Amino acid sequence: MIHGLTQLTYLAAAALFILSLRWLSHPKTARRGVGAGVGGMALAILGTLFAPEIINFSWIAIAALVGIVIGVPLSWVPLTAVPQRTALSHAFGGLAAGLVGTAKYMIWFQHGELTKFRTGAIVLEIILGYLTFTGSLMAAGKLQEIVPTRPITYPNQNVFNLGLLAIAIGAGVYLTIDPYLPWAFGLIILLSLAFGVLLILPIGGADMPTVISLLNSYAGLSAVAMGFVLENKLLITAGALDGSSGLILSIIMCRAMNRSFTNVLFGAFGQVQAVTAAGEAKTAKSATPQDVAELLTTADRVVVVPGYGMAVAQAQHRVRELYDQLTKRGVDVRFAIHPVAGRMPGHMNVLLAEAEIPYDALVEMDDINPDLAQTDVALVVGANDVVNPAARHDKNSPIFGMPIIDVDKAKSVIAIKRSMNPGFAGIDNELYYLDHTLMAFGDAKQVLTDVVKALSDEGTGH
Amino acid sequence: MAELDLWSMLFVFMLATFVGFQVIQNVSRLLHTPLMSLTNAISAIAIVGAILVAGEEESTATTILGAVAVAASMTNIVSGFLITDRMLKMFRERERKP
């Protein structure tokens, strides 16, 4: 069907895609990986354009141009907006799969060529494609804060949502048995679109890393389903690579929160636990930027724990200035990265890399935790739940069991925070009330600017 | 014939999933954000299917569906590869003191 040359380009493209991901294993070879990916993509597109089925190139050219015009500016977004961009691109991926599935159904319907196998594969493709489309749009909206980031819940939500999905799947099975039923096809599309929206409504911002990874996986699987529809092994391969990547990331994210998929998707985190021990009056010690600067200069080892607050305040460049000031004085500064800090996997690493902090100063949670007892100052910048000691011992805490960065074990702790309001999940953080914790209140960027200023003033004073 | 194809496709799917698991487990956690944007660009290989639908001239409706799918995939290819490269350029090692 597809002639030899095209198949040869597909074969080469599949190999290049695998190499591309392989080279991503280390920052040193990673950019070569992008090159391999681009090469594979270019080969596959060229090979396809040679296919004899293609009669008219004008629509393809116009559409490709539109894609370039949208795509280039989308790659310029500030790195704090990368989670939104990623969610948006999952939406585009889902949309493409859904539309191609719809078009293939229409074409084969016209020609009377719908087999059970083709219809079944199309049903899978459009369910995954359209639910990824609307679900990812919702996720992007929440990340951009166009849609409220708080979980939106209503009674019997899970029963209702799963009911919709069950009807869609039921209609899909029915359609597979009897493919010539356009109404069933339309119903599946509508239900999948609706299910995508409803699936994301109850999910809160803190769960976004897992949800983005899951949607990534769905987008990949929808490409796999498209591969089965079009009997194209390159699509199956590339989709499977994307699907397994998304799945691995989701598993890592879930483990880092000690939660299961079902709990993330159907648990409506952040809504259930509004109760905190309000009885005991606890006091936190507050500190001025000058106090912070002073404490930091007396330290030998400092560990900085960044969180979503750093991204919101765009404070990564101030963090870098602080890093420079301190390393200049011979202080050992490292960064402790929790897997779910931020709004997508690896979010903090990218922000700190943007601020030109060398990547060998970024240390994963499991590697840094043993060192915290020997750390003089742990500086928490906009992180909250990932440093809450309640996760270790308080069985009533909703985050009990979640692995955390043990900042409370450091000799002293400084937490930069806008106010004493509990974080996203609405959980009180006992870290702030410890004897050796100092709170520096204010916008992370402003506080750090003042700290850096205090440090440099002192530096010139000598 | 069709049945044989189904089985070979399932084989490809199974093998590619295992390769994916192996390769991606080796990706440094530092690079998980670029990983996601790169796999995203790669899975925009869906453009291959979209091109076929858009170029077949079956009907106006399917041509439009295909063209929109080409545009969506192209957006992912262009922005995905560009932003991955932009991010990767930022990862630098500590300068070793002489």
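# Briefing: core, interface and salt bridges

B:Thr63 counts as buried, because its relative accessibility is 7% (buried means under 20% relative accessible area, exposed over 50% and partly exposed in between, with a 1.4 Å probe and protein chains only). This is a predicted model, in which local features need pLDDT of at least 70 and side-chain atom pairs count only at pLDDT 80 or more, while totals for chains, interfaces and linings use all residues. Residues are numbered from 1 along each chain as its sequence is written, chains are lettered from A and ligands numbered from 1 in the order in which they are written, and side-chain values use heavy atoms, with hydrogens and water left out.

**Around B:Thr63**

- B:Thr63 sits in helix α4 of chain B (helices are DSSP runs of H or I with at least four residues, strands are runs of E with at least two, and both are numbered from the N terminus).
- Setting aside neighbours within four places in sequence, B:Thr63 is in contact with A:Trp59 from chain A, and with B:Val53, B:Ala54, B:Glu57 and B:Glu58 from chain B (contact means heavy atoms within 4.5 Å).

**Nonpolar core**

- The largest nonpolar core has 195 residues (such a core is a set of buried Ala, Val, Leu, Ile, Met, Phe, Trp, Tyr and Cys residues joined through side-chain atoms within 4.5 Å).
- Helix α4 of chain B, residues 60-90, supplies the largest share of this core, with 14 residues.
- The residues with the most contacts inside the core are A:Leu296, A:Leu322, A:Phe335, B:Ile45 and B:Ile47.
- Not counting residues up to four places away in sequence, B:Ile45 touches A:Phe17, A:Met41, A:Ala44, A:Leu234, A:Leu235 and A:Ala238.

**Interface of chains A and B**

- In chain B, 82 residues are in contact with 105 residues of chain A.
- The two chains bury about 8300 Å² between them, 75% of it on carbon and sulfur atoms (buried area is the accessible area, with a 1.4 Å probe, that two parts lose on being put together, summed over both).
- Four salt bridges are found across this interface (a salt bridge is a side-chain nitrogen of Lys or Arg within 4 Å of a carboxyl oxygen of Asp or Glu).
- One salt bridge pairs B:Glu93 with A:Lys28 at 3.8 Å, N to O; the pair crosses between chains, from the segment after α4 of chain B to helix α2 (residues 27-49) of chain A.
- A:Lys28 counts as exposed because its relative accessibility is 60%, whereas B:Glu93 is partly exposed at 35%.
- B:Arg92 and A:Glu356 also meet in a salt bridge, at 3.8 Å, N to O.
- B:Arg92 is partly exposed at 45% relative accessible area, and A:Glu356 is partly exposed at 43%.

**Salt bridges over the structure**

- Over all chains, the structure holds 14 salt bridges.
- A:Asp406 and A:Arg392 form a salt bridge at 2.6 Å, N to O; this pair links distant parts of the chain, 14 residues apart, with A:Asp406 in the loop between α16 (390-393) and β6 (412-417) and A:Arg392 in helix α16 of chain A.
- A:Asp406 is buried, with 10% relative accessible area, while A:Arg392 is partly exposed at 36%.
- A:Arg392, A:Asp406, A:Asp408 and A:Lys409 are linked in a network of salt bridges.
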